[in-house]
Amino acid sequence: MGRRQRNRQRQQQQQQQRRERGGGGDGQGREQAGWEGGYPEIVKENALFERYYRELRIVPEGEWEPFMAALREPLPATLRITGYKSHAKEILHCLKNKYFKELQDLVVDGQKIEVPQTLKWYPEELAWHTNLSRKILRKSPQLEKFHQFLVSETECGNISRQEAVSMIPPLLLNVNPHHKILDMCAAPGSKTAQLIEMLHADMNVPFPEGFVIANDVDNKRCYLLVHQAKRLNSPCIMVVNHDASSIPTLQIDNNGRKEVLFYDRILCDVPCSGDGTMRKNIDVWKKWTTQNSLQLHGLQLRIATRGVEQLAEGGRMVYSTCSLNPVENEAVIASLLEKSEGALELADVSSELPGLKWMPGITQWKVMLKDGQWFEAWKDVPSNRQTQIRPTMFPIKDEEKLKVMNLERCIRILPHHQNTGGFFVAVLIKKSPMPWNKRQSKIIKEPPDAEDEDTKETQHLLNAESEQSKKDGVCGPPPCKKMKLFGFKEDPFVFLSEDDPLFPPIEKFYALDPSFPKMNLLTRTQEGKKRQLYMVSKELRNVLLNNSERMKVINTGIKVWSRNSDGEQFGCAFRLAQEGIYTLYPFINARIINVCIEDVKVLLTQENPFLSKFSSETHKRVKDLAMGSIVLKYEPDPSKPDTLQCPIVLCGWHGKTSLRAFVPKNERLHYLRMMGVEVFKAKRKEENFESKTEEGDQDSTKPE
């Protein structure tokens, strides 16, 4: 019997057993179980959990029953409007004035639908929560339009289905566009997306000085991270694959001198036991023991320690978990503060998110084994238990030290206070180098004249090692064999050389501004034809060129041009790519056609419209323009507030007799919604030509 047959037989047996237990392997049991879909057998009770948290008193007096009742209720769906500011405002306007109004007084399956409410503490009304479960959203015909809107806008990256408490850490980082940011445990990427948005607060600046390096230890989850980050089309994001507890120290070149890269902001959202997620991860009820926290404490402390080592002086690090357990929270922070010897301090963020309800951190707790045995101090732990329980898990006994730490500045979110998940956040400020780094720097940093031969030789080797790859502009995967034992082998990142013959025709065709940073263009191939050109910011280029041996880069850069063989006859072999158009547009001085809103509707609803379909102004502008790739720009008219009030830049193609837009399907639907077009109809039109191959114009001038 083959493996497939055995697996099939095993699945059939499991289905039969479920039917016998009344679980309904055909899905009937799931229907009867309501919200608890696939988990009818899980009872939302755990005596050890209740005993543990009652004893620790993390819940205020008299609130235990509401706390437990909230944990047993399904988590409300929350969404965050993402993207850059002007577009986010248009989506918000569309949500409030169209979709939310349609939900008023709606009753589905006997349940009155509550209109989504804003999260009071999230800035500018950009986050909302609703009592609509996923099941109701998917199955109710009355909500089909709203559901399609959510799915489509999520795929575009304009809306993120993100848990409310998960939005808090990036807000508390206080990110500015010039900040260098490290996200240590970034997958699946919703917080990373928030950080990228903050870098691009000003849409008129195509290349912010700052960047985000998003790391995850799991190679497969890194690709999920890439998917999330790609939706925001930023040249300032790099995804890397390392163990966060030993993430390498990177170097950057500062006017010919090598310097260590220290980050202005670090997000340290560590792996945790996740008992704050019981409302959505129902199996935690069954699996929860204190053992999970005891096993993770050491890793959490190592990751946090590595984080503060890489933090710049004056920088801010946010440590967070979706756990309520002090062993994973206050114990890690207290241990970090103690060994920092005054180099770190907890920031008081009590006034930074007005409207958010939270509990202060606790200063006293006990440690419990999974068998229910309690320990109040390290001295009480028998030697045979000292591998499971470590000294850093206990509270500080020295009252003076404890007072200086200000552990009450930590934030614990309890589920029943604002109908959320459970969460913990602490914000650390670095005042001076960590004590062990100070000692180290005394050994390494000698005066130049006293520098010994060994130090000179090491520095020479370091410089020579990276000089060759810098000359070639190639940042390949790291040579370390261990790195290549897991995950996919990534293509190298090859920067265009100063004299690359590929660039002058592009520069001429699009009349690129002299300030265009052509050194930031890269490809993913060393040999053969370059099919795609990508772009990164100047700062990320610096990081890539100086650290290719140290780090495993999964992805960086946004696509700005794609090769198009038909374009060569018009003077340029590369057409513009929609993903990078907002980055490129400020540097393009030719082939720009300003279009009115009616023209935009034609471009987005018709596959390859004839020029006669457009306004006379557009027709005139296009007539004298050579065929090939073009930019189509819509500028809002402030005197007509009822029309779309955010600028739109589209990539297009001008043929002999027609004009078309090269825009992905979901992005088309997004723009049409913003313009008030009924997208159900638009979607049907889309489906009629989505299945066809992109054949281009009806004449022979069509791009690949």
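**Close-up 1. Ser190, a residue of helix α9.** In this predicted model, Ser190 is buried, since its relative accessible area is 14% and the cut-off for buried is under 20%. Leaving aside residues up to four places away in sequence, Ser190 touches Arg80, Ser160, Gln162, Ser166 and Gln228. The "binding site" annotation in the unreviewed UniProt entry takes in Ser190, along with others including Lys191, Asp216 and Asp269.

**Close-up 2. Asp243, in the loop between β9 and β10 (251-254).** Here's another residue that the UniProt record lists under "binding site". Asp243 comes out as partly exposed, at 35% relative accessibility. Its side chain makes a polar contact with the side chain of Ser245, at 2.8 Å.

**Close-up 3. Helix α10, residues 219-230.** With 12 residues at 1.5 Å each, α10 should span 16 Å, and its end C-alpha atoms sit 17 Å apart, which agrees. The buried residues are Asn219, Cys222, Leu225, Val226, Gln228 and Ala229. They cover an arc of only 165° around the axis, so they end up on the same side of α10. Their packing partners are α9 (190-199), β8 (211-215), β9 (237-240) and β24 (553-556).

Close-up 4. For the chain, the mean pLDDT is 84, and 84% of residues reach 70 or more.

Definitions and conventions. Residues numbered from 1 in each chain as written. Predicted model: local features only at pLDDT ≥ 70, side-chain atom pairs only at ≥ 80, totals over all residues. Heavy atoms only, no water. pLDDT = per-residue confidence, 0-100. Helix = DSSP H or I, 4+ residues; strand = E, 2+ residues; numbered from the N terminus. Expected span 1.5 Å × (residues − 1). Buried < 20%, exposed > 50% of the residue type's maximum accessible area, 1.4 Å probe, protein only. Arc of directions from axis to C-beta. Contact = heavy atoms within 4.5 Å. UniProt positions renumbered as here; feature names shortened; annotations may be inferred. Polar contact = N/O pair within 3.5 Å; in protein donor to acceptor, adjacent residues only side chain to side chain.
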